[in-house]
Amino acid sequence: MPAVQLPISKQLAYACGMIGWSIMTNIIIVMLPYFYLPPSSAGLIPLVPQLLVFGVFNIMSLIAASGRFVDALFDPFIASMSDKSENKQGRRIPFMKWAVIPAVLFCSLTFYPPVRGESISNAVWLTFMLIGFFMGVTSYIIPYNALLPELAHTSAQKVKLSSLQQFGFVVGIVISALVNNFADLVQRTLHTPNRDAAVQYAILGLCVFAGLAMLVPVLTIDEKKYSRSVPTHLPLLSAIRLTFSSRNFKYYLISDFSYYMALSIISSGLLFFVTVLLHLPESMGGVLMGAMVLFSLVFYPLINYLSKKIGKKPIMLFSFGLLSLIFVAIFFLGKLPLSPTAQVYILVLSTSFPLASLGILPNAILAEIAENDAKETGENSEGMFFAVKYLFVKLGQTLGIALFAFLTVYGKDPGHDYGLRLNGICGCVLCLLALIFFSRFRERRVN
């Protein structure tokens with residue numbers, strides 16, 4: 001019996017899951033360096049020592065890498081368990097349900113270190129909290145994304161559902177960027193003397209809200225009713241090898257990795273770019289993210305239309321090229337003959353189109369890759385394709401955070417900001433690499 005088409009109310013419910021996941025993931029990306037290694041103007045206390053290991057890596061880089069490394073090993077395991085699941089409620093929803101509480105718990109505890117001041121104990125605490133958090137959100141996001149090709153049954157439906165998913169993602173980015181705004185509200189309302197305590201309360205509240213959003217698709221979508229899902233019987237290693245046998249998937253994977261590494265540089269550096277390079281208040285971070293998201297919404301119908309007319313590949317290549325130029329501009333922030341506010345708004349509004357297109361199209365493309373592979377091999381390993389994707393996404397995010405944290409050694413404070421500017425050059429190179437590799441992708445057009 002064919003699956004029932006997913007109504008718009010359920011599509012919106014599906015997007016809510018991405019809002020919650022995005023809030024917590026971007027809180028980690030945006031606030032982790034700022035909370036533990038704050039600039040001198042932030043009003044926060046440094047919590048881990050700025051020490052170099054082997055003369056190259058600082059502690060924050062190694063902590064981020066260790067958490068993501070454990071998580072990366074966990075990704076294929078969850079994907080394999082989900083793909084092979086014969087649970088009466090479905091292959092995906094049961095995993096998502098049990099992942100919410102640990103994700104919320106560990107994301108919150110990440111920002112409650114045991115020592116108020118620079119300490120190796122804080123570094124150890126942070127390492128284990130990040131490992132727990134990443135394993136929790138992996139158990140949610142891998143089955144969640146594997147649902148996309150199962151709930152959307154045509155290419156147009158995949159692009160539409162991916163658009164709503166991306167809308168949820170950028171809403172999560174905006175909300176996570178408002179941490180300092182919420183912290184200001186906490187300080188005014190509760191008269192909290194310490195800035196770090198206000199930030200902690202704000203993050204705790206946002207994590208609880210994110211968990212509730214992640215429960216929406218779990219409680220409202222009947223997976224058995226709306227998905228076409230057949231358990232696979234491939235062993236774990238065979239399933240991983242199967243994904244890498246796809247030529248298109250390899251080029252997709254490398255370009256996606258480069259993009260997410262570059263995106264993490266922007267996310268990790270936003271508050272630094274605003275406060276250090278442009279000397280604007282930190283509360284501007286949330287306002288700017290909101291402006292970028294609202295402006296990106298203008299492009300959603302255009303991207304859906306163009307993807308049908310000219311295909312997804314040309315839009316992806318244009319977006320990578322535009323984003324590389326935007327990163328070059330970061331190097332010159334604060335030195336251009338424009339007001340700081342004008343500089344940052346031009347930069348943010350220019351980022352809106354690539355943010356929209358590179359959010360909507362990649363998951364729709366991967367859903368088609370997984371679906372075509374299932375037709376050719378007879379094995380429904382959608383979860384494994386998304387697991388391998390997110391393994392590389394997380395590796396890219398980890399290296400992006402680690403690269404940003406490493407470059408802060410060369411300057412992250414007003415008057416000593418060369419390390420922040422170098423991130424712009426690194427981001428440009430990463431986006432050009434993404435463009436080069438995705439140009440090798442062979443798009444299969446269907447009329």
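Start with Tyr 144. In this predicted model, Tyr 144 has a relative accessibility of 0%, so it counts as buried. Tyr 14 is buried as well, again with a relative accessible area of 0%.

The structure holds 17 aromatic pairs. In one of them, the rings of Tyr 14 and Tyr 144 have their centres 4.2 Å apart and their planes at 5 degrees, so the pair is stacked. How far apart in the chain are the two partners? They are 130 residues apart: Tyr 14 sits in helix α1, residues 8–36, and Tyr 144 in helix α4, residues 120–151, so to speak of this pair is to speak of a link between distant parts of the chain.

Now a pair with another geometry. Phe 331 and Phe 332 are edge-to-face, with 5.1 Å from centre to centre and 80 degrees between the planes. Phe 332 has 39% relative accessibility, so it counts as partly exposed. There is also an aromatic cluster, formed by Tyr 259, Tyr 260, Phe 320, Phe 438 and Phe 441.

Next, the nonpolar core. The largest one has 135 residues, and Met 24 and Phe 327 have the most contacts inside it. Which helix gives the most to this core? That is α10, with 18 residues.

Stay with α10 for a moment. Helix α10 covers residues 247–277, which is 31 residues. At 1.5 Å a residue it should span 45 Å, and its end C-alpha atoms are 42 Å apart, which agrees. The helix does bend, by about 55 degrees at Gly 269. Is α10 largely enclosed or largely open? Of its 31 residues, 28 are buried, so the rest of the structure largely encloses it. After the helix comes His 279, with a positive phi near 60 degrees.

Back to Met 24. Apart from neighbours within four places in sequence, Met 24 is in contact with Ala 103, Val 104, Cys 107, Phe 133, Cys 207, Ala 210 and Met 214.

Two cysteines are in that list, Cys 107 and Cys 207. How many disulfides does the structure hold? It holds 0. For Cys 107, the nearest cysteine sulfur is that of Cys 207, 3.4 Å away.

Note on methods. Residues numbered from 1 in each chain as written. Predicted model: local features only at pLDDT ≥ 70, side-chain atom pairs only at ≥ 80, totals over all residues. Heavy atoms only, no water. Helix = DSSP H or I, 4+ residues; strand = E, 2+ residues; numbered from the N terminus. Expected span 1.5 Å × (residues − 1). Bend = angle between axes of the 7 residues up to and from the residue. Buried < 20%, exposed > 50% of the residue type's maximum accessible area, 1.4 Å probe, protein only. Phe/Tyr/Trp six-rings, centres within 6.5 Å; stacked < 30°, edge-to-face > 60°. Core = buried A, V, L, I, M, F, W, Y, C linked by side-chain atoms within 4.5 Å. Contact = heavy atoms within 4.5 Å. Disulfide = S-S within 2.5 Å.
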